[in-house]
Amino acid sequence: MNIHRLIFRIVRKLSKNKFSQKYLFYFLQHPFASKPYCYFYSKVIKKHLKEFKLSNLGIYLESINVCNSSCVMCPYPKMTRPKKIMTKELFKKIVDDAQGLGISSLLFGFFGEPFLDPFIFERIKYLKERNFRITIFSNASILNEEKIKRLLENPPDRLNLALDSLKKETYEKIRRGLSFEKVVSNIKRLIEERKKLNQEYPKIHLVFVEQELNKGEKQEFIDYWKDKVDSIKVNLEQGTIDDFKIENQAYGKHRLVPYPCKKLWSHVTVMSDGRVALCQCMDFDGKHVLGDLNKSTIREIWEGKIFKRVRELHLNYQGDQIELCKNCVYPYRLNFRTWWQAFKKNEKKKK
């Protein structure tokens, strides 16, 4: 067994539960451990990036940046950029450009509710005609009978539906402005109508954001929904870097190592006005723009100086030199193990 396989197996085993993951992270952040770990981790990353092609990217697209909720964990209420629906012409330009590069995956989301977009079904049809894999992230609040019917006539591949509790009081504290009864009713109607039509798609996935307000409710939620939907994903509330530093005061004067963010090689995030945002999680106001798809192609932005520099800094464990990234917990909390997943896939291929 070579050293990479050994490290991979140790990290995978110890990061399976929160307790051991926390202490593994403490250990790997200490200077005497972080340097050798980063050395081997970098070799795995470089090996993976040798096989990277632009066609591996997905498009994370905001067709509309208007939402009907102000969720407690979302910065949408702070957003100051103009509310806008992406034009049909720009949407087609982006899709055609992506298709030309061999990109075949598009997710509707970012900082808006996709079903508020008056052209959403037209856009889905355009993508399906071009054989794209389509995912829609929605709060399910406006999935009425008419929308469900149109959705099932030309279904996307996947619906990620946000639902964080089985309790009305908890849910409405988290998803402010939405009705618990209405959302649950819409999801159940969608499940029933899909079953009536004997359709496999869209796959229905629930997203449960675990946080203080729904603490202790996760297992009950999973037990209730697990036989009704295709899958359930539990996400941790991202939090802030300040919270994270307080949580990890034990490091003292040691600099926390920001591991390379794999999201920079997984998606291009396009805002409703066509500008490409640096991050699909943090850049809600479009302050860190990598380029503009009204004027440039995806390849031009990917190969441009700004995007290249961002990727270089991350690969050198210097993501904290980027204003947006230094305030994000993702490179600290998750990315000390994320790139090993590519290693795991490569190992499976070899077998």
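Author: A residue counts as buried under 20% relative accessible area, and as exposed over 50%. The model discussed here is predicted.

Reader: Is Lys287 buried or exposed?

Author: Lys287 sits in the loop between strand E8 (275–277) and strand E9 (289–292). Its relative accessible area is 61%. Exposed begins over 50%. Therefore Lys287 is exposed.

Reader: How far apart in space are Lys287 and Leu324, C-alpha to C-alpha?

Author: Along the sequence, 37 residues separate Lys287 from Leu324. In space, their C-alpha atoms are apart by 8.7 Å.

Reader: What share of the 351 residues is buried?

Author: The protein has 14 helices and nine strands. Of its contacts with a separation of 6 or more, 74% join residues 24 or more positions apart. The buried share of the 351 residues is 48%.

Reader: How far apart are the end C-alpha atoms of helix H4?

Author: Helix H4 covers residues 88–100, which is 13 residues. At 1.5 Å a residue, H4 should span 18 Å. The end C-alpha atoms agree with that, at 18 Å.

Reader: Within what arc do the buried residues of H4 fall?

Author: Those buried residues are Leu90, Phe91, Ile94, Val95, Asp97 and Ala98. Seen down the axis of H4, they line one face, so one arc holds them. That arc is 160°.

Reader: Which residues are exposed on the other side of H4?

Author: The buried residues of H4 are covered by elements including strand E1 (58–61), strand E2 (105–108) and helix H5 (120–129). The other side of H4 has exposed residues. They are Glu89 and Gly100.

Reader: Which residue has its charged end over the ring of Phe91?

Author: Phe91 is one of the buried residues of H4. A charged end sits over its ring, 5.0 Å from the ring centre. That end belongs to Arg123.

Reader: What kind of aromatic pair do Phe115 and Phe121 form?

Author: The whole structure has 15 aromatic pairs. Phe115 and Phe121, both buried, have centres 6.2 Å apart and planes at 40°. Planes under 30 degrees apart would be stacked, and over 60 edge-to-face. The pair is therefore tilted.

Reader: Which residue does a cis peptide bond join to Tyr201?

Author: Most peptide bonds are trans. At Tyr201 the bond is cis, with omega about 0°.

Reader: What is the relative accessible area of Ala140?

Author: Ala140 is in the loop between strand E3 (133–138) and helix H6 (145–153). Its phi is positive, near 65°, although Ala140 is not a glycine. Ala140 is buried, because its relative accessible area is 0%.

Reader: What is the phi of Tyr317?

Author: Tyr317 belongs to one aromatic cluster with Tyr37, Tyr41 and Tyr259. Tyr317 lies in the loop between helix H12 (305–315) and helix H13 (330–333). With a relative accessible area of 9%, Tyr317 is buried. Its phi is positive, about 60°.

Reader: How many disulfides does the structure hold?

Author: A disulfide needs two cysteine sulfur atoms within 2.5 Å. The cysteine sulfur nearest to that of Cys71 is in Cys74, 5.9 Å away, so Cys71 is in no disulfide. For the structure, the count is zero.

Methods:
Residues are numbered from 1 along each chain as its sequence is written. This is a predicted model: local features need pLDDT of at least 70, side-chain atom pairs count only at pLDDT 80 or more; totals for chains, interfaces and linings use all residues. Side-chain values use heavy atoms; hydrogens and water are left out. Helices (H or I, at least four residues) and strands (E, at least two) are DSSP runs, numbered from the N terminus. Buried means under 20% relative accessible area, exposed over 50%, partly exposed in between (1.4 Å probe, protein chains only). The expected span of a helix is 1.5 Å times one less than its number of residues. The arc is that of the directions from the helix axis to the C-beta atoms. Contact means heavy atoms within 4.5 Å. Rings of Phe, Tyr and Trp (its six-membered ring) pair if their centres lie within 6.5 Å; planes under 30 degrees apart count as stacked, over 60 as edge-to-face and the rest as tilted. A charge sits over a ring if NZ of Lys or CZ of Arg is within 6 Å of the ring centre and within 35 degrees of the ring normal.
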